Amino acid sequence: VKMANLAVAACHSVNGVSKLHSEILKETVFHDFYTVMPYKFKNVTNGIAHRRWLCQSNPGLTAFLTNAIGEGFITDASELKKLTALADDASALDTLEKIKHENKQRMAKYIWKQSGIAVDPDSIFDVQVKRLHEYKRQLLNALDILATYQKLRENPNMDFVPRTYIFGAKAAPGYYFAKEIIRFIVLLGNTINNDLSIGGKMKVVYLEDYRVTVAEQLMPAAGVSEENSLAGTEASGTGNMKLMINGALTIGTLDGANVEICNAVGRSNMFLFGMNAAEVDNLKRSGYRPRSYYDNNQTIRAAVDQIYHGIGGVNLSSIGDSLLCRDPYMVLADFADYAATQSRLAQAYTDRSAWNRMSLINIANAGIFSADRAIHDYASTIWGASPVK
C-alpha cells in the first residue's frame, strides 16, 4: 500500500511547506493526482515561533525593536515591517551592530567553556546548523573551508576577513556517510584551529550536542546563515527563518523557503549562488560527471587531493570517492559559484554600514515567517477554523 497516494486520494487538502515544495508536489511527486484533482493542492509555508527565537532568545534586539517600533510585533510579527523606516538611520544601524557584537561575545564564551576554542567576536560568525544530511551540503561548506585554508597557508599575508565557521548537526544513527562528514569537519577544525601560521584568522567549531538551548544563544550571534541545499531537495527548512529574524544574512541556493526569503528582502540583501531546480534537473538528464569539475578546477583538485592525502593524519577516501565518483548532490557543480559568492560576502562585510543595513532589512521582512501566519493560513485555507475572541 502506497500510503502517500492513499493520503492524497482520501484527504480534502494537500499542501507543501514552501512555495517551491508545493510546486514540486504538483509537477513531479503527485503530478498524476494534480491533473485529476488540482483543487486539492495548496501551499502553506512553514513558520517559526518568533516569541521564542526573537523575543526570548535575543532580549537586546527585542528591547531595541520595542523602543523603535513599539511592542506590537510581539503578537503580530508583520509589525516588524515598521523597522524599514530606520534602514538609513546611522544611529539605529550602530545600535544593531552593538547588539550583535554583545551576542557574539556571549556565544564566544560558551564556545570557550564547552570546547576550549578561542574565537574572535570581531570575525564573521558563519553558521550552518541543521540535520547532517548530504542534500543539505555541509560538505560543500567544509570543502570551501579546506580550499580557503590552503590559500591562506600559501599566503598568510593575503587580504583576509577573519571568519569563525560554526556547525551544529546530528546524524541519524545508521547514516554512515553523514558521520564521515562530521569526522571530516572535526578533523579540519582541529587542524586549522591549531595552525599558528595563519594567525587565528580562521576557526572551525563543531558544537557538541546541538539542541534548542544552544540554538537560543547561537541564532542571535550569527552573522551568516548557510542554506546550501541542492535546489529542489529542501522542502522548506526553518533554521534560515530563525537566523534571518535575528539579523543574519543568508548565503544559499534558490531552494525551499530561501526562495521566499529572496522575494521578501530582494537579491541585494542576501547572497545567492548555484543552480536553480530546473538547471539541476537539466544537468541530471544530460549526465552529471563530477570528475570533470575536478579535472578543470585547480582549487577543487587541490582540496580533494588533500582529502585523499589525509586531514590531521586521517585518510578520508570515502569523502573523496563520493565527490569524484557519485556526488549525488552536485557539490562540485556548485562549488565555484559558492566560493566566489563567499568572497563577495567577505568583501561586503568590510562595509559595516551597508552590512548592518542589509541585516536590518532582513529583520524587518521576517514577519511573514512567523508560525502565527502559518497557522492562520492553515486555519483559513484548509481547516475552515476561525479565531475565538
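Guide: The following answers set values beside the definitions of the terms.

Guide: This is a predicted model, in which local features need pLDDT of at least 70, side-chain atom pairs count only at pLDDT 80 or more, and totals for chains, interfaces and linings use all residues. Residues are numbered from 1 along each chain as its sequence is written, and side-chain values use heavy atoms, with hydrogens and water left out.

Visitor: What makes β3 and β6 paired strands?

Guide: Strands (DSSP runs of E, at least two residues, numbered from the N terminus) pair if DSSP finds at least two bridges between them. Strand β3 (residues 124-129) and β6 are joined in the parallel sense over two bridges, so they meet that definition. Val127 stands opposite Ser225 in β6. Strand β4 (residues 163-168) and β5 pair in the parallel sense over five bridges, with Arg163 opposite Met202 in β5.

Visitor: Why are β5 and β8 said to stand at the edges?

Guide: The open sheet of six strands has the order β5-β4-β3-β6-β7-β8, with parallel pairing. β5 (202-206) and β8 each have a single partner strand, so one side of each is left without a neighbour in the sheet.

Visitor: Why is β5 called largely enclosed?

Guide: Buried means under 20% relative accessible area, exposed over 50%, and partly exposed in between, with a 1.4 Å probe and protein chains only. Five of the five residues of β5 are buried, so the strand is largely enclosed by the rest of the structure. Met202, Val204 and Tyr206 point one way from β5, and Lys203 and Val205 the other way.

Visitor: How do you know that the span of α17 is close to the expected one?

Guide: Helices are DSSP runs of H or I, at least four residues. The expected span is 1.5 Å times one less than the number of residues. α17 has 13 residues and reaches 18 Å from its first C-alpha to its last, close to the 18 Å expected. Its buried residues include Trp355, Met358 and Leu360.

Visitor: What makes the lining of the largest cavity nonpolar, polar or charged by class?

Guide: Ala, Val, Leu, Ile, Met, Phe, Trp, Tyr, Cys and Pro count as nonpolar, Asp, Glu, Lys and Arg as charged, and the others, Gly among them, as polar. By these classes, the lining has seven nonpolar, three polar and three charged residues.
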